[in-house]
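Here are my notes on the model you sent over. Have it open while you read.

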Amino acid sequence: MARSTNTQFAVAVHVLTYLAASAAAGRVAPVGSEELAGSTAVNPVHVRKVLGPLRAGGLVRSRPGARGGWELPVDPASVTLAQVWQLLQGDDPVLGIHGPNPACAVGGSIQGVLTDLDRLVAEAIVARLDAISLKDVLTDAGFDADDFAELTAMAGMR
């Protein structure tokens with residue numbers, strides 16, 4: 001099975017869940033990019049690249065400096081995965097539409113069909129993700145405040 005090479009949405013949901021769990025555990029200090037990278041197993045630069053649009057959308061905030069990092073300034077119940085998806089995906093095609101040969105009988109007419117299909121798929125994704133909140137993800141992942149504090153301490157991430 002082919003795997004998507006764009007991991008931004010998955011990393012964003014992971015990071016937002018980590019920040020929500022951290023706040024639920026009573027952590028008051030911001031979480032550094034290195035700590036988030038350790039949890040997601042991606043480079044801190046990639047984490048910051050993912051967090052940029054989320055910050056612009058008001059889902060996270062950052063504090064600069066040696067004791068700086070990232071925080072979740074919103075209630076996890078008020079954040080839908082559709083918001084995250086739209087901040088990261090924007091108007092980019094979901095299906096990775098190619099540029100066919102317009103001189104070909106099929107290539108000349110398929111582009112409109114594929115573009116319409118891409119729009120339908122994007123609308124279906126957003127509709128489904130709109131029904132899932134960050135709080136739902138936190139609950140589905142099985143975290144409560146005590147679990148998170150214990151796990152991050154054991155992993156040396158706190």
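Predicted model: local features only at pLDDT ≥ 70, side-chain atom pairs only at ≥ 80, totals over all residues.

1. Residues are numbered from 1 along each chain as its sequence is written, and side-chain values use heavy atoms, with hydrogens and water left out.

2. Layout: the chain has seven helices and two strands, running α-α-α-β-β-α-α-α-α from the N terminus. These are DSSP runs (helices H or I, at least four residues; strands E, at least two), numbered from the N terminus.

3. Helix pair: α2 (residues 33–40) packs on α3 (residues 44–56) at about 100°, with axes 8 Å apart. Axes are lines fitted to C-alpha atoms, for helices over the stretch in contact, and angles run from 0 to 180 degrees between N-to-C directions. The two are therefore roughly perpendicular (65 to 115 degrees).

4. Salt bridges: the whole structure has four, each a side-chain nitrogen of Lys or Arg within 4 Å of a carboxyl oxygen of Asp or Glu. Glu-35 pairs with Arg-27 at 2.6 Å, N to O, and both residues are buried (under 20% relative accessible area, with exposed over 50% and partly exposed in between; 1.4 Å probe, protein chains only).

5. Another pair: Glu-71 and Arg-63 meet at 3.0 Å, N to O. Glu-71 is buried at 11% relative accessibility, whereas Arg-63 is partly exposed at 43%.

6. Within α5 (residues 107–129), Arg-119 and Glu-123 sit four residues apart, so about one helical turn separates them. Their closest N and O atoms are 3.4 Å apart.

Note on methods
Parallel < 35°, antiparallel > 145°, perpendicular 65-115°, else oblique.
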